[in-house]
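Have the model open and follow along.

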Amino acid sequence: MLEVNNLNVAYGRAQVLFGVTLQAPPGSLVCLMGRNGVGKTTLLKAVMGVLPTREGTIFFDGDDITRAPTHERVRAGLGYVPQGHETFPQLTVAENLQVAREAAPRQRPETLNEALDLFPALRGLLKRRAGFLSGGQQQQLAIARALVTEPRMLLLDEPTEGIQPSTVQEIEQAIRQLHASGLTVLLVEQYLELALRLADAFVILDAGEVVRSGSAASLRDDESVRRLLAV
Ligand SMILES: Nc1ncnc2c1ncn2[C@@H]1O[C@H](COP(=O)(O)OP(=O)(O)O)[C@@H](O)[C@H]1O
Ligand SMILES: [Mg+2]
């Protein structure tokens with residue numbers, strides 16, 4: 001579904017990604033891991049076209065999207081939940097979802113209900129301004145907002161970061177359900193145990209390079225993996 005080949009990405013003269021290659025087959029949940037600053041967010045931004053690719057290619061569903069603008073990637077079926085659960089703080093929960101729906105012209109009418117079924121807590125908060133939600137509720141809204149565009153693949157950047165444990169469980173359950181329903185997922189996650197519970201496969205970045213990848217099973221008992229992830 002997603003194929004990234006030999007990707008180089010830089011901020012001005014500072015190169016951050018070096019020849020990154022990874023694949024996410026249809027229906028897979030791939031976990032992208034690595035310490036702070038290794039380039040995980042940069043990679044997701046490049047896949048979404050928020051950052052330009054210097055070298056390499058990105059294929060989505062067989063199409064070369066390396067130079068496509070972000071809105072075309074969204075239309076092609078890529079959904080993105082950026083790090084830091086960004087929402088529109090002045091808009092209500094319902095308005096946040098509506099804005100996202102308008103960006104995706106062809107969704108089915110039931111999409112909104114399905115997104116809310118995943119996060120029932122949001123139903124009681126539809127009229128509340130997003131800026132007044134807790135961090136965990138904002139994260140749920142950010143995921144729901146990506147879902148109402150009807151993605152076939154979802155990129156999630158540290159959805160559990162800084163969120164209280166009870167809500168982390170709800171988010172984990174939601175990701176599990178989305179994966180079970182057939183959505184392809186690329187998840188950036190620092191919390192190894194959660195990643196081990198959810199992922200089919202792993203890619204570990206260090207200093208902008210892929211240093212390890214494989215099935216979840218192959219990495220489960222690998223001590224060197226813990227070293228690559230230690231802060
Ligand atoms: N806008 C930016 N301009 C310049 N350098 C940046 C920018 N954003 C991130 N970086 C640098 O790129 C590297 C990778 O950052 P990032 O992709 O955010 O890492 P991660 O998500 O793995 O923590 C870091 O060294 C970071 O300082
Ligand atoms: Mg990051």
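## Ground rules

Two strands are said to pair if DSSP finds at least two bridges between them. Helices (H or I, at least four residues) and strands (E, at least two) are simply DSSP runs, numbered from the N terminus.

This is a predicted model, so local features need pLDDT of at least 70 and side-chain atom pairs count only at pLDDT 80 or more, while totals for chains, interfaces and linings use all residues. Residues are numbered from 1 along each chain as its sequence is written, and chains are lettered from A and ligands numbered from 1 in the order in which they are written.

## The sheet

With those terms in hand, look for an open sheet of six strands in the order β6-β7-β8-β3-β9-β10, with mixed pairing. β6 (78–81) and β10 (209–215) sit at the edges, each pairing on one side only. On average, neighbouring strands here are turned by 15° against each other, direction ignored; axes are lines fitted to C-alpha atoms, for helices over the stretch in contact, and angles run from 0 to 180 degrees between N-to-C directions.

## Strand β3

How many residues of strand β3 (residues 29–33) are buried? Five of the five, so β3 is largely enclosed by the rest of the structure. Buried means 20 or more other C-beta atoms within 10 Å of a residue's own, exposed means 12 or fewer, and partly exposed is in between, with C-beta atoms placed from the backbone. In a regular strand the side chains alternate between the two faces of the sheet. Here Leu29, Cys31 and Met33 point one way from β3, and Val30 and Leu32 the other way.

β3 runs parallel to β8 (residues 184–188), joined by four bridges, with cysteine 31 opposite leucine 187. β3 also pairs with β9 (residues 201–206) in the parallel sense over four bridges; there, methionine 33 has isoleucine 204 as its bridge partner.

## Around ligand 1

Ligand 1 is surrounded by Tyr11, Ala14, Val16, Gly34, Asn36, Gly37, Val38, Gly39, Lys40, Thr41 and Thr42. β2 (14–24) and α1 (40–48) each supply at least two residues of this shell, and α1 gives the largest share, three residues.

Helix α1 is itself largely enclosed by the rest of the structure, because eight of its nine residues are buried. Among them are Lys40, Thr41 and Thr42. After α1 comes glycine 49, whose phi is positive, near 80°.

## Serine 166 and the whole chain

Serine 166 lies in helix α6 (residues 165–180). Is serine 166 buried or exposed? Exposed, because serine 166 has 8 C-beta neighbours inside 10 Å.

Stepping back, the protein chain has nine helices and ten strands. Of its 231 residues, 41% count as buried, and its C-alpha trace spans about 45 × 35 × 30 Å along the principal axes.

How values were computed. Near = placed C-beta within 6 Å.
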